[in-house]
Each structure stands twice: as C-alpha cells, then as structure tokens.
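Have the viewer open and follow along.

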Amino acid sequence: MNKLIVFGDSNSLPFFGNPVECEKYKKYKGGELPKGWMELLSEKLKCELHMKSKMGNSNSDIIQSISENIHLIENNDIVLIGWTFKMR
C-alpha cells in the first residue's frame with residue numbers, strides 16, 4: 001500500500017492547541033474527535049498515513065525530520081510538507 005507521509009508543524013496535525021480544550025471538544029463530540037484533513041485525504045487516496053508533524057516545528061525542524069525519515073519514502077508514495085512561517 002502506498003503511503004501518505006505528512007511533515008509540518010501543528011497545522012499539519014489533526015488537533016492541536018490547548019489539550020484541555022481538545023478534551024472538552026472530544027467530550028462534546030461524544031468521545032471521539034472528528035478526523036483531520038490528512039486522515040480524510042489518506043482514506044480518499046487509499047494510502048497508509050504516516051504523521052511526522054510536530055507541534056512547534058520550525059522549518060529547520062521540518063527539514064531535519066524529512067532527512068531522518070527519508071528512508072520511509074518509496075516510489076508512488078505521497079509526501080506533503082506543511083512549511084511554517086519563516087520567523088519560527
């Protein structure tokens with residue numbers, strides 16, 4: 001199965017921000033959070049999702065993560081890079 005590999009900062013994560021608020025939202029939604037855009041995309045493309053994004057990542061961190069995980073990338077895999085703002 002082809003992979004969808006996502007690198008980036010918190011904008012490339014399904015849910016981010018204040019963990020207390022996320023838990024409140026999860027409770028409001030009946031115990032489950034809705035799927036994030038990358039989960040929906042991986043299902044649509046029929047790809048296995050590999051999340052390599054981290055909250056607070058700078059562009060340098062994202063490049064470092066790509067270089068540390070480049071061995072995972074094979075032909076026909078899809079790689080998405082969610083760059084952050086340059087001042088981070």
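Let's start with Ile81, which sits in strand β3; strands here are DSSP runs of E, at least two residues, while helices are H or I runs of at least four, all numbered from the N terminus. This is a predicted model, so local features need pLDDT of at least 70 and side-chain atom pairs count only at pLDDT 80 or more, while totals for chains, interfaces and linings use all residues. Numbering runs from 1 along each chain as its sequence is written, and side-chain values use heavy atoms, with hydrogens and water left out.

Ile81 is partly exposed, with a relative accessible area of 37%. For that scale, buried means under 20% relative accessible area, exposed over 50%, and partly exposed in between, with a 1.4 Å probe and protein chains only.

Leaving aside neighbours within four places in sequence, Thr84 is in contact (heavy atoms within 4.5 Å) with Asp9, Asn57, Ser58, Asn59 and Ile62.

Now for helix α1, residues 19-28, which is hardly covered: 1 of its 10 residues is buried. After α1 comes Gly30, with a positive phi near 90°. The structure holds 1 aromatic pair. That pair is Tyr25 and Tyr28, stacked at 6.2 Å centre to centre with 25° between the planes. Rings of Phe, Tyr and Trp (its six-membered ring) pair if their centres lie within 6.5 Å; planes under 30 degrees apart count as stacked, over 60 as edge-to-face, the rest as tilted. Both tyrosines, Tyr25 and Tyr28, lie in α1, 3 residues apart, about one turn of the helix.

Here's how four of these residues compare in cover:

| Residue | Relative accessible area | Class |
|---|---|---|
| Ile81 | 37% | partly exposed |
| Thr84 | 11% | buried |
| Tyr25 | 35% | partly exposed |
| Tyr28 | 68% | exposed |

Zooming out, the chain has 3 helices and 3 strands, in the order β-α-α-β-α-β. Of its 88 residues, 28% count as buried.
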